[in-house]
Amino acid sequence: MTDLAIPAIESIRRIDAIDRKILTVLQQDASLSVAEIGDRVGLSSTPCWKRIQRLEADGIIMRRVALVDQNKIGLGLSVFVSIESGDHSEAWLKKFADAVSAMPEVIEFYRMAGDVDYMLRVVVADMRAYDIFYKKLIGAVALKNVTSRFAMEKIKSVTALPVPAMEAA
């Protein structure tokens, strides 16, 4: 087990069934008042607020955001970009990660196991905008192979994680 996995496991052990209900409610609608959240999970406002603050302080709740419909703001093209690298050095990865992280079109960026090294989810207005992005991407660092897959239809997209139930002791 890596050192990074240990804090996550400790966090999971510290949250109880009410915390899990709070997380589920907040993932559906973070604009609810503390009183409304408390009503839904069976708490009064003050203990509910204290739990939310603890979940935030522990980094379980990372931030609260507004979800925006990408099509309604003119970003109608979703592209999944698979990248293979010929260089796997730490210096190359840092340069690549810094360059890609600075590109606002990239909304998800993963280092992968398997036949590709990195996977990006990119949103742009149209094919012309993607071509501009693509040229910027391949100009940032040396890449072995870049494969673009264009989404034709979004069938499912959720932001709420399935909060696991507590394990029986």
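Q: Hi! Are Tyr130 and Phe133 buried or exposed?
A: Both are buried, where buried means under 20% relative accessible area, exposed over 50% and partly exposed in between, using a 1.4 Å probe and protein chains only.

Q: What should I know about the model itself?
A: It is a predicted model, where local features need pLDDT of at least 70 and side-chain atom pairs count only at pLDDT 80 or more, while totals for chains, interfaces and linings use all residues. Residues are numbered from 1 along each chain as its sequence is written, and side-chain values use heavy atoms, leaving out hydrogens and water.

Q: Okay, how many aromatic pairs are there?
A: The structure holds eight. Rings of Phe, Tyr and Trp (its six-membered ring) pair if their centres lie within 6.5 Å; planes under 30 degrees apart are stacked, over 60 edge-to-face, and the rest tilted.

Q: Which kind do Tyr130 and Phe133 form?
A: A tilted one, with 5.8 Å centre to centre and 35° between the planes. They are three residues apart in helix α6 (residues 127–140), which means about one helical turn separates them. Helices (H or I, at least four residues) and strands (E, at least two) are DSSP runs, numbered from the N terminus.

Q: New topic: which residues touch the most other members in the largest nonpolar core?
A: Val81, Leu120, Val122 and Leu137, out of 18 residues in that core. The elements giving two or more residues to this core are β1 (77–84), α5 (90–101), β3 (118–124) and α6. A nonpolar core is a set of buried Ala, Val, Leu, Ile, Met, Phe, Trp, Tyr and Cys residues joined through side-chain atoms within 4.5 Å.

Q: And what is in the second core?
A: That separate core has 13 residues, including Ile15, Ile22, Ile37 and Ile61.

Q: What order do the strands of the sheet have?
A: The open sheet of four strands runs β2-β3-β1-β4, with antiparallel pairing; strands pair if DSSP finds at least two bridges between them.

Q: Last one: which residues of α2 meet α4?
A: Ile18, Asp19, Ile22, Leu23 and Leu26 in α2 meet Cys48, Arg51, Ile52, Arg54 and Leu55 in α4, with contact meaning heavy atoms within 4.5 Å.
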